[in-house]
Amino acid sequence: ESGDWYVDLGGSYGRLLSTYNPKFLHNVLTDYSIESLKKAKKDIKDRKIANVDLVALNIYNLPFKDGSFSGGQMIRVMHHIEDPELCFKELSRIIKKRGFFILEFANKIHFLAKIRALIKFNPKFIFNKQPYKQPTKETKQGTKEEDGLFYNFHPKHIDRLINDNSFTLERRRSASNLRSGFFKSIFSNKTLIKFELLLQKALSFTSFGPSLYRKMRKTKGVDSSSCKSIYEIISCPKCKGALNKKASRLFCGECNTAFPITYGILDLRWPRPSNE
């Protein structure tokens, strides 16, 4: 799809920027990490991309006005979310009516997880819709031991959150279906990708893969996406008041909170980082 404003939540250094940047007039790349966004800024400059704004934020306090975005995505982020209800509430708030959002999440009941549960005589695991906090030592996603955050979500839990937050589910995909050292050792990447693309569609209505995708459409809400500048769609993450730019800072006219602009990155994280 194409449109005016698009947001990439937890987009890190912009590794997926090329998938949506050409299709939208304004793109907002976000992350909690300033260092990741600094890497993105350098890459954007080197590639001479003009329509990208960088915003540091906290997913639970998104610094955007209601209905700001025609589309958005959150990929490889959901497993860090301890409060999915609040996260979805914020996602719903910033997407305009008829806008869409693409979500990826770690699947609690993928094929191998079901097999392990049955081998351990624990069928309740399969039907329990509460998130499963995966032990850090089992993760292979680069999370540090002290982080300890890797949540696997039940597909029915996610689908309920989609429905409860004024979205309708449009498309499903089962992904990383061939995430196996065995397959990687006998097939080339090119062959694996071909099979993976076929399986993503064939298994779309199952919970087979360890990674699941959902494309959802907003059914009601407001539309603020006609704005032309990032300064027109941002709002105070603390109180949702209007922000005014003065030199290298943004000031909230309601609560008087100040937010820095660092290396051209709007640092709108709230609560503020503890090291400040």
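**Salt bridges in a predicted model**

Me: Does R93 count as buried or exposed?
Reply: Buried means under 20% relative accessible area, exposed over 50%, and partly exposed in between (1.4 Å probe, protein chains only). The relative accessibility of R93 is 18%, so R93 counts as buried.

Me: How many salt bridges are there?
Reply: This is a predicted model, in which local features need pLDDT of at least 70 and side-chain atom pairs count only at pLDDT 80 or more, while totals for chains, interfaces and linings use all residues. Residues are numbered from 1 along each chain as its sequence is written, and side-chain values use heavy atoms, with hydrogens and water left out. A salt bridge is a side-chain nitrogen of Lys or Arg within 4 Å of a carboxyl oxygen of Asp or Glu. By this rule the count is 17.

Me: Which residue forms a salt bridge with E104?
Reply: E104 counts as buried, at 1% relative accessibility. The closest N and O atoms of the pair are 3.3 Å apart, and the partner of E104 is R76.

Me: Why does the pair of E104 and R76 tie together separate parts of the sequence?
Reply: Helices (H or I, at least four residues) and strands (E, at least two) are DSSP runs, numbered from the N terminus. E104 lies in strand β5 (residues 95-106) and R76 in the loop between β4 and α3, so the parts tied together are apart in sequence by 28 residues.

Me: What is the relative accessible area of D267?
Reply: D267 meets R272 in a salt bridge (3.0 Å, N to O). D267 is buried, because its relative accessible area is 2%.
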